[in-house]
Amino acid sequence: MLKFTPILLAILYALAMYRFSVWRTGKELDQKSTELADPHLKRLTDRLAASLDLHRIPVYVYEIDPVNGLAAPDGRIFITRGFYRKFQNGEVTGEEMASVIAHELGHVALGHSRRRMIDFSGQNALRTALVMVLGRFIPFIGIWIANMLTSLLAAGLSRSDEYEADAYAAALLTKAGIGVEPQKSLFRKLDALTEKRAGMAPAWLLSHPHTDQRIEALEQLERKWHAPS
Ligand SMILES: [Zn+2]
């Protein structure tokens with residue numbers, strides 16, 4: 001029994017840390033975000049809203065630099081300041097931003113966001129627990145194995161969610177008359193962005209399926225939709 005005490009402690013620690021980080025993420029989002037007020041983007045999100053019979057789609061800017069979109073468990077949609085800046089300086093088009101918002105709406109509509117929050121906060125907790133356990137039994141490379149296992153698990157958890165959210169976004173963007181092309185062009189841009197900073201990609205990008213596979217999945221959808229029936 002005594003032998004397993006460190007493992008038990010690590011698990012308890014991870015659970016506590018997970019709880020704390022869910023709470024902290026929610027608080028952090030509240031404190032560090034403001035509603036996006038951009039007339040160009042609003043015209044586009046209004047088209048998405050009209051396609052969903054909604055009055056409007058509020059989008060919030062989260063004040064951090066890494067390029068990211070996020071759907072919170074309460075259904076709010078965030079884009080990061082870093083991402084919005086890319087739109088402002090012309091690196092990313094309004095239609096491409098709309099494709100990210102549509103993708104995040106997909107996570108909300110399909111009920112992924114709660115699970116994604118677990119991804120978001122749970123990964124760090126799991127990593128810590130694994131480092132504590134593996135680091136104890138396998139010196140030096142234990143930490144490396146723990147990191148790899150966590151990334152693999154995260155990738156497996158979120159893969160199918162990403163494809164589903166992409167498909168939802170593709171349907172919504174098509175209905176809104178924006179089309180699937182901005183989704184694909186943004187993936188190509190994000191790919192280039194990650195390559196430039198190889199080894200520094202944020203965890204969420206690592207946990208996403210490879211962009212060519214996502215583009216391929218979108219093209220399959222387009223072929224299906226445009227096939228004569
Ligand atoms: Zn996603």
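Two strands count as paired if DSSP finds at least two bridges between them. Helices (H or I, at least four residues) and strands (E, at least two) are DSSP runs, numbered from the N terminus. This is a predicted model: local features need pLDDT of at least 70, side-chain atom pairs count only at pLDDT 80 or more, and totals for chains, interfaces and linings use all residues. Residues are numbered from 1 along each chain as its sequence is written.

Start with the overall plan. The protein has nine helices and four strands. Along the sequence the pattern reads α-β-α-β-β-β-α-α-α-α-α-α-α. Contacts here join residues whose C-beta atoms, placed from the backbone, lie within 7 Å. Among contacts with a separation of 6 or more, 67% link residues 24 or more positions apart. Burial is a neighbour count: a residue is buried if 20 or more other C-beta atoms lie within 10 Å of its own, exposed if 12 or fewer, and partly exposed in between, again with C-beta atoms placed from the backbone. By that count, 32% of the 229 residues are buried.

Now the sheet. Its four strands run in the order E1-E2-E4-E3, the sheet is open, and the pairing is mixed. Strands E1 (33-35) and E3 (69-71) are the edges, each pairing on one side only. From one strand to the next, the twist averages 30 degrees. Strands of a sheet pair through backbone hydrogen bonds, either parallel or antiparallel.

Strand E2 (residues 59-62) and strand E4 (residues 77-80) run parallel, joined by four bridges. Val61 has Ile79 as its bridge partner in E4. Tyr62 stands opposite Thr80 of E4. E3 and E4 pair in the antiparallel sense, over three bridges. Leu70 faces Phe78 of E4 in the pairing. E3 and E4 form a hairpin with five residues between them, and Gly75 in the turn has a positive phi of about 95 degrees.

What lies on the two faces of E4?

Helix H3 (residues 81-88) runs at about 65 degrees to E4. Helix H4 (residues 94-109) runs at about 25 degrees to E3. Axes are lines fitted to C-alpha atoms, for helices over the stretch in contact, and angles run from 0 to 180 degrees between N-to-C directions.

Helix H2 (residues 39-51) has a buried side. Its buried residues are Leu44, Thr45 and Leu48. They cover an arc of only 95 degrees around the axis, which puts them on the same side of H2. The arc is that of the directions from the helix axis to the C-beta atoms. The face turned away from that side carries the exposed residues Pro39 and Arg43. The length of H2 also fits: at 1.5 Å a residue its 13 residues should span 18 Å, and the end C-alpha atoms are 19 Å apart, which agrees. The expected span is 1.5 Å times one less than the number of residues. Just after H2, Asp53 takes a positive phi of about 55 degrees.

Next, the interior. A nonpolar core is a set of buried Ala, Val, Leu, Ile, Met, Phe, Trp, Tyr and Cys residues joined through C-beta atoms within 7 Å. The largest has 36 residues, and those with the most contacts inside it include Leu48, Ile79 and Ala102. H2, E2, E3, E4, H3, H4, helix H6 (141-175) and helix H7 (181-196) each give two or more residues to this core. H4 gives the largest share, seven residues. A second, separate core has six residues, among them Leu126, Ala129, Leu130 and Ala146.

Look closely at Ala102, in helix H4. Why is Ala102 counted as buried? It has 31 C-beta neighbours inside 10 Å. Leaving out residues up to four places away in sequence, Ala102 touches Leu48, Ala169, Leu172 and Leu173. Ala102 and Gln183 are 81 residues apart along the chain, yet their C-alpha atoms are separated by 9.5 Å.

Glu28, in helix H1 (residues 5-31), is partly exposed, with 14 other C-beta atoms within 10 Å. Glu28 and Glu63 are 35 residues apart in sequence and 9.8 Å apart in space, C-alpha to C-alpha.
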